[in-house]
Amino acid sequence: MLHSSARRVLAMTMSAELPVTRERADAIAAPPIPARLRRYARPALGLLLPLGLALFWELWVWLGYSNGRLVPPPTKIFATVMELAKSGELTRHITATVTRVGAGFGLGVVAGTILGAISGYWGLARQLLDPTVQALRAIPSIAWVPLFILWLGIFETSKIALIAVGVFFPVYLGVMGAILAVDRKIVEVGRIFRLSGPAMIRRILLPAVLPAYVVALRVGLGLGWMFVVAAEFMGASEGLGYLLIDGQQLGKPAQIVAAIVIFAILGKTTDWLIEIATAPLLRWQDAFGRQSGAA
Amino acid sequence: MLALDKVGKTYPNGVHALERFSARIKPGEIVAIIGGSGCGKSTLLRAIAGLDRASTGTVTLDDAAITAPHAKIGIIFQEPRLLPWLSVADNIGFGLSDLPADIRREKVDRALARVGLADKAKAWPRELSGGQAQRVAIARALVPQPEVLLLDEPFSALDAFTRRDLQDHLLDLWKDTRPTLILVTHDVDEAVVLADRVLVMRPRPGRLFEVININLARPRDRASPLFENFKRHVLTALDRSLDRNIPDADPKSMAGEAMWW
């Protein structure tokens, strides 16, 4: 009690100082052009290393220090991508992969959210369900592949099932953990205002759980992209994973690297979409990242 | 009239937190409950709020037994407990969701102005200082116009200046509708500034030890000799409450109206 109050007093004095420093920061950042420059400068800084490396390798091969056969230079990778795009192959492969990830992610999120919510909200269900789920989680998900193929066939269903399994666990754990971690003190505020069960869920639990849920979704999506590759390794005739295997078997490293780059772009883009879509709901968050980002 | 009749609480882990606490508190009265740690002050307050049920005895407000949170009883905790995802205005209006939006907004605006935070309506709770946040919490509790407002060490986390400021502010707000205030505190100064009656508790198990009436006109001057005198009364009672050689007062005489010694 004493400790927490001391900390609070400390936080108070700190927050009392904050507006001053913030004002000072505003005064410094007052001319709009440097502020805008800085906003674009930050992502540019992150691009410096990969672009530099690419440029270096391009020059290295161009100068003849390497034949670039196993590690193709960027122009060759770009040419491969353009070639695939021109023939319509690329769209077909990307569509196949994105569809699989989308379906698997959707299924995994729905199942993980529902079961996670039940486990988090209802103690008896948690005691019944959670040990089994945790045991299943301990199985490396790729180990399911032979079984899924036997059960669901070699085509789309088994692939989507594998991705869904990969997405399910982080979402389940995230939702359950978030519900269990909801501050009892905040729930008490709801009780004092005599919220009904549904109102308590809508007005207290959902907003309190949302930040952790978004993180769980993003982790789940990352795993979804991971598992789509595994799924497409097990006998696919289209998809970015197929491009990888095909490139290996036919000795086309440029095609492999091209597929890898497209994976990176797609993964980053979808992650960013989740971030953008949920940002308005999380504006209230006192996130460290935002603080340092604003500074 | 809020009546506490032999309220006792034993927690499931066997801790005997509160024993046979009785008091009758008139509408509009300000009562401070003071005592060392572990004397069941907060337990008592939570029982009155309906957050935890008493193991024995009853709490009744105007003859209605309190076993769950009640519309006419509000509470302010040690921490502001604002909902971080709601703006300051939405936090204040949290308990008014039954009302139409325009009436709610009007009440919230008035409450914001009343606690001097009209310019913070759209701010997030994290942007407030500790004192401001606690003022929002006070506004949130007062906006539904409770008949009884419970305060659980509401200013103990604040610095001395802010605490004094909020004590005066609380009295000012109290004058609007004159709800019953029951204030748990461990600050003698705060008890004597605010209360009509100070209930001194003694620990293990928590029980009522002594009742001290503060017959001082408001506003009270913290520097006056009379004020000092009352503070000394309370301090002496607190010291005596911790002395195991002094027996409890006769429970029968404690059940009735205030004693004067």
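How many salt bridges does the rule count over all chains? The count comes to 25, a salt bridge being a side-chain nitrogen of Lys or Arg within 4 Å of a carboxyl oxygen of Asp or Glu. This is a predicted model, in which local features need pLDDT of at least 70 and side-chain atom pairs count only at pLDDT 80 or more, while totals for chains, interfaces and linings use all residues. Residues are numbered from 1 along each chain as its sequence is written, chains are lettered from A in the order in which they are written, and side-chain values use heavy atoms, with hydrogens and water left out.

**View 1. The interface of chain B and chain A.** In this interface, 32 residues of chain B are in contact with 25 residues of chain A (contact: heavy atoms within 4.5 Å). The two chains bury about 2700 Å² between them, and 65% of that area is on carbon and sulfur atoms. Buried area is the accessible area (1.4 Å probe) that two parts lose on being put together, summed over both. Trp85(B), Phe94(B) and Arg126(B) supply 27% of the area that chain B buries against chain A, more than any other three residues.

View 2. The rule finds three salt bridges between chain B and chain A. In a salt bridge between Lys185(A) and Glu79(B), the N to O distance is 3.3 Å. On the side of chain B that touches chain A, helix 1 (41-49) and helix 4 (130-142) of chain B are the elements that give two or more residues. Helix 4 of chain B has the largest share, three residues. Helices (H or I, at least four residues) and strands (E, at least two) are DSSP runs, numbered from the N terminus.

**View 3. A nonpolar surface patch on chain A.** The patch covers about 980 Å², and its residues include Val110(A), Ile118(A), Trp122(A) and Ile201(A). Patch residues have over 30% relative accessible area and no salt bridge, and nonpolar side chains (Val, Leu, Ile, Met, Phe, Trp, Tyr) are joined within 5 Å, like charges within 9 Å. Accessible areas come from the Shrake-Rupley method with a 1.4 Å probe; for residues, only the protein chains shown count as cover. Helix 4 (89-121), helix 5 (123-137) and helix 9 (197-233) of chain A each give two or more residues to the patch. Helix 4 of chain A gives the most, with five residues, and Ile118(A) is found in that helix.

**View 4. A salt bridge between helices of chain A.** The side chains of Arg100(A) and Glu232(A) meet at 2.5 Å, N to O. The pair links distant parts of the chain, with Arg100(A) in helix 4 and Glu232(A) in helix 9 of chain A, 132 residues apart.

**View 5. Backbone details in loops.** The peptide bond from Arg204(B) to Pro205(B) is cis, with omega near -15 degrees; Pro205(B) is in the loop between strand 9 (197-202) and strand 10 (207-213) of chain B. Arg218(B) and Pro219(B) are joined by a cis peptide bond with omega about -5 degrees, and Pro219(B) lies in the loop between strand 10 and helix 7 (225-242) of chain B. In chain A, Arg194(A) is not a glycine but has a positive phi of about 55 degrees.
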